[in-house]
Amino acid sequence: MPDSFGIQEETRGRAVLLRVRGRLDARSATHLLEVGSRVRARNLNLVLDLSGITFMASSGLGSLLSLAEEFRQGDTRVRIASPSAAVTSVIHLLNLEPFLPIDGSEEEALHALDS
Amino acid sequence: MSGRRERVLGIRWIVTLVAVGLTAAVVLSVGAVAERNARRALTSELTSRLLLEARNLALTSSGVLLSDFPELTLHPLLKEKLAKQPELSYAVVVDYAGIIQGHADPHRLGTRFAEPSGLRPVLDGPPRAAGETLRRSDRELVASVPILHPSGKRLGHVVVAMRTSYVDAVIERARRQQSLILAISLLVGLTASFLILSHVLRPVSVLRDGIRRIAGGDLDTPVSIRDGTELGLLARAINDMAAELKRAQAEMVERERLAREMELAREIQGSILPSDRIVEGAFVIEGSQRAAAEVGGDYYDYFPLPDGRIGLAVADVSGKGLAGCLIMSMLCALLRADRGVAGSPAALLAALDERLGATLRRGSFVTMFYGILDPRTGGLTYASAGHNPTLVYRRSTGTVESLRTRGIPLGAIRGGAIRATLEDQTLVLEPGDTLLQFTDGVSEAFDVEGGEQFGHDRMMTALRETASGGPRGVIDGLFERLTRWSGDGSRLDDETIVVLHHDPEHAALAQYEEARGRGTSLVLDGRSDPLEPIRDWIRSNPALDALPAPERDLLTSTLYEVCANVAEHGYGHDARREYEIWWLPPKGNGARGAMERPAPETAARHLRDGWFLIRDQGTPFSANHWKSQDFNDPRVRRRGRGLGLEIIHRTMRRVVYTPSTAAGNITWMCFGARAAEEATHAG
């Protein structure tokens, strides 16, 4: 998979689906935070499809944690859908599943948010 | 001695030939002289006979010449004489006028006598009277005698000639006779000489054969000679020499066998001892031993324990030789079996005493020091079973402490009495402190004169003076002092030294040196994005590339976080400044890049047994102990920072950061299961 970063946005009901691909490091994490903050400002839930992430640095992980906490404060939620191995390995390593819930697919994540 | 038999000329033959030659020379010389004398005698006799013939004829002719017809008497007389004496060539009677009056040939009668020509006088021969002559030519010997009247008046002369061929024939006959006798004498003499000498010199051959057998390795067959001469004496001496050789040979074989066994024991002993130092955290442990001439029973060892602590043992078996070596081997085996099981050092020593006690002979014992180091805290718990005091150099004060403990040697008293004497002690080694343990081969080494021992005071001084050099400096410095003290001669006892040194910088530099020696590296600058170089580096190293994908991804992430920290915090993203990442596989698994691609599970094991090292010369981090973050705290989650260190410390079971060493900031770490929450930032 190419490392070049990109975010594809799709609104699905009360959630926004962000398909993130490429490398999630210090530079791209800033961009993700900006996009995520805009979603948060609309008071919508966020599903992050991270299946296209080829590499996640600590700053990328930190951006996910930070986003999740920001959404939690506003009664909205963040869920991670079909994360790549690069994402799950780091989340598992630091035992962050309680704070970054993972679903197997976008539909599962959207369904979890609805319920 | 070559296998080929040398061809030599036997002394028997030499002596015999010389004797025979001498005998022949003597006989021939004597024969030659005898022949010459015989020839002379014969010649003299014949000339005398000729002269006598002439005289007799002169005497007979003196009366006949006065008769009227002397020829009538002389002719038949001479004819008959010549017939009876064929050696006479002629006989002539000549009167005073020179006319032949007597001749065997009647035609010569009355003719004038012509003196034969070509005659030369015979100088030797019988004495002659006046007027008598003896002359000779090549063919004849001629005697001339005057015929005298009783009144003395000369009436004529007689000439009688003898054929020299007759003389020569007579002499020749005599010579032949003599030669025959000579030849027979020679033959008999030579044969007798040969037989006698051969018999007399036969023992020489026997001696020669005997010496050949001894040279060929046969020392069991004696030289058998019954001889009362020097040869018999020589034979007995050779037999004695062979017996002595045999005994010496047996002793040499036995000595060589013992030497081989001792050498084997020494090799076994050497193979049991640690081959290299240990670096654990900020601690370096290193030992060394100089063996005595005779294999002994000194032992030392240091090893990681399952819980991350380090065991350290030094022991001295009483007695030398194979017995000491065997006990040392047993001790090593028991220690390796019990070290992970026994609790405290005192408990371990008690357990060893119980096991060894059944095996040690009465009077044999083992002194032993055993300690357990916690490299996280620097604390050492130790106990001693009658061993030497522990010396500790304190950098803060510049002094050396001598720490004694109670405890009797292992095996000294049977039945477990040792338990009441053993006690665990503890000490803490601060940065810069050095601990020294040793065997009494060091402290009790005698000086060159053999009058004074090296002693503890000198050891404490040596430790204080060399501690700054780390374990190697202490070991080399102490051995050098011992060599100066005792000289270069053979040692009576093993000299064993073990040094435990707390020096983060030293440990880090030692690790860096080892990395440079056998590791593979990746060099990055402060600005480069490290991700692709790290991926390429991992791919290029078969041992790392063979990792299962999850481990490989975690390793990539971890190394990336390390590099990102260095580049950002250490170098401020300065492209001009470089840093290095090193990977060292476990020892014994090939030098840099020489490994074949292992199986994934093997690669994972090697990854855990090897270690990584990062060296940079950027701004060092603060020397605070790292602590794991509490993600239950929403503030921590909201901040979303510090996750890089979290990833590093969760991936690496051990992380040691030593800033500002002589080579820069050095971090070394070992990949493994999730480590404890605390790691060490040294310095």
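Reader: What percentage of the residues in chain A is buried?

Author: The model is a predicted one. Chain A has 115 residues, and its accessible surface comes to about 4800 Å², of which carbon and sulfur atoms account for 48%. The buried share of its residues is 57%.

Reader: In what order do the elements of chain A run from the N terminus on?

Author: Chain A holds four helices and five strands. Read from the N terminus on, these elements follow the order β-β-α-β-α-β-α-β-α.

Reader: Which strands stand at the edges of the sheet in chain A?

Author: The five strands of chain A form an open sheet with mixed pairing, in the order β1-β2-β3-β4-β5. A strand at an edge has a single partner strand, so one of its sides is left without a neighbour in the sheet. In chain A this applies to β1 (6-12) and β5 (102-103).

Reader: Which residue of β3(A) is the bridge partner of A:V16?

Author: Strand β2 (residues 15-24) of chain A runs parallel to strand β3 (residues 45-56) of chain A, and nine bridges join them. Within β3(A), the bridge partner of A:V16 is A:L46.

Reader: Among contacts in chain A between residues at least 6 apart in sequence, what percentage joins residues at least 24 apart?

Author: A contact here means heavy atoms within 4.5 Å. Of the contacts in chain A between residues at least 6 apart in sequence, the share that joins residues at least 24 apart is 69%.

Reader: Turning to chain B, how many residues of strand β10 (residues 310-317) are buried?

Author: Both faces of β10(B) are covered. On one side B:I310, B:L312, B:V314 and B:D316 are buried, and on the other B:G311, B:A313, B:A315 and B:V317 are buried. Strand β10 of chain B is therefore largely enclosed by the rest of the structure, the buried count being eight of the eight residues.

Reader: Which residue of β11(B) is the bridge partner of B:G311?

Author: β10(B) pairs in the antiparallel sense with strand β9 (residues 298-304) of chain B over seven bridges, and B:F303 stands opposite B:G311. β10(B) also pairs in the antiparallel sense with strand β11 (residues 366-374) of chain B, over eight bridges. In β11(B), the bridge partner of B:G311 is B:I372.

Reader: Which residue in the turn between β9(B) and β10(B) has a positive phi?

Author: β9(B) and β10(B) form a hairpin, with five residues between the two strands. A positive phi of about 95° in this turn belongs to B:G308.

Reader: How many of the nine residues of helix α16 (residues 643-651) of chain B are buried?

Author: The buried residues of α16(B) include B:L643, B:G644, B:E646 and B:I647. B:I648, B:H649, B:R650 and B:T651 are buried as well. The helix is largely enclosed by the rest of the structure, because the buried residues number eight of the nine.

Reader: Is B:I14 buried, partly exposed or exposed?

Author: B:I14 is found in helix α1 (residues 11-64) of chain B. Together with B:I11, B:V18 and B:L22, B:I14 forms a nonpolar patch on the surface with about 360 Å² of accessible area. Its relative accessible area is 38%, and B:I14 is therefore partly exposed.

Reader: How many disulfides are there over all chains?

Author: B:C325 counts as buried at 5% relative accessibility, and B:C670 counts as buried at 6%. A disulfide requires a pair of cysteine sulfur atoms within 2.5 Å. By this rule the count over all chains is zero.

Terms used
Residues are numbered from 1 along each chain as its sequence is written. Chains are lettered from A and ligands numbered from 1 in the order in which they are written. This is a predicted model: local features need pLDDT of at least 70, side-chain atom pairs count only at pLDDT 80 or more; totals for chains, interfaces and linings use all residues. Side-chain values use heavy atoms; hydrogens and water are left out. Buried means under 20% relative accessible area, exposed over 50%, partly exposed in between (1.4 Å probe, protein chains only). Two strands pair if DSSP finds at least two bridges between them. Patches are made of residues with over 30% relative accessible area and no salt bridge: like charges are joined within 9 Å, nonpolar side chains (Val, Leu, Ile, Met, Phe, Trp, Tyr) within 5 Å. Accessible areas come from the Shrake-Rupley method with a 1.4 Å probe; for residues, only the protein chains shown count as cover. A salt bridge is a side-chain nitrogen of Lys or Arg within 4 Å of a carboxyl oxygen of Asp or Glu.
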